[in-house]
Amino acid sequence: MPAEQPIPIDVIRESLERSGYLMKSRVVRALTAADFFVEPNVTHKDIHGKARGIDLTAETAGGLNRRGVCVKTTFVIQTINNAFPIVLLTERPSTPNADFESYIKFGTSPVPCPFLDQIQPYEERAADWHNLFSEICALSKLHGQDEFTACQPDDIYSSLLKASQYTEDEVGAFNGWITKETGRYWRLFFWHPMVVVSGQLLTAKVTADGAVQLQEVPLARLEFNWHDGEDRKTTVVEVIREDFLLERLDSIRVQDDAIEARIHAIKLGHEPEAD
């Protein structure tokens, strides 16, 4: 039986680029170079014991400059190498039924928390309806046809679900172990789920006269509703272009540092010896 001929390097490279694996490698490299602690291919078990995995997490080291206080964000990231545009649509209206307390995922310590009367996580991270959408789709071409069709591919739904599940599990795990802690460390930890796309990202808004406004954007927010068994969950996931990712994460890193400084000042007011 004749041996298979080696596959040309260019063919292998093109296959990898289409698959998205190289995109994840780019993101990991870029975040590492920007001094984030990056963990690729993170696996965990949910409350039902089922193994789950996400593309990567990234965070900075909070609490290095202010004794006894730490504010940090863990970015929970899924990557999608989209050849065709992804569109967020159907703006989320403000209603009394909106589960806005689920829009920001965070945990605090100690219990009871001594700084929540002065630091409001929902205000710091804008748990609002600005630029918030409730549907997402992607354009695709049917095999052998030139026309585009809009649908929600499995990889988009899977990415949203994985990021949401991991975030929910991590918040639950934090709240579980923090109740047993006896120390005096003041913490405000955020979890920030994101889907990073390599290609075009747009929003679609319908005006009062019925016209459709399409706009290319670097970032948009999606209210993603899902179920954990019988429990209904809501997670706001940021969908962001790869070329805007570092700028967005840096802005949150600066915000975390400013919040940490304020909490440290509050702690010194409670415990002058903490410094």
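**Close-up views of a predicted model**

Asp243 is exposed, with a relative accessible area of 60% (exposed means over 50%, buried under 20%, partly exposed in between, with a 1.4 Å probe and protein chains only). This is a predicted model, in which local features need pLDDT of at least 70 and side-chain atom pairs count only at pLDDT 80 or more, while totals for chains, interfaces and linings use all residues. Residues are numbered from 1 along each chain as its sequence is written, and side-chain values use heavy atoms, with hydrogens and water left out.

**View A. Asp243 meets Arg241 in a salt bridge.** The N to O distance here is 2.9 Å; a salt bridge puts a side-chain nitrogen of Lys or Arg within 4 Å of a carboxyl oxygen of Asp or Glu. Arg241 is partly exposed, at 22% relative accessibility.

**View B. Arg66 and Asp257 link distant parts of the chain.** Their side chains form a salt bridge at 3.0 Å, N to O. Arg66 sits in the loop between β2 and β3, whereas Asp257 belongs to helix α5, 191 residues apart (helices are DSSP runs of H or I with at least four residues, strands runs of E with at least two, numbered from the N terminus). Arg66 counts as buried at 16%, and Asp257 as partly exposed at 37%.

View C. Glu168 lies in helix α4 and Lys233 in strand β12, so the pair ties together parts 65 residues apart in sequence. Glu168 is partly exposed, with a relative accessible area of 21%.
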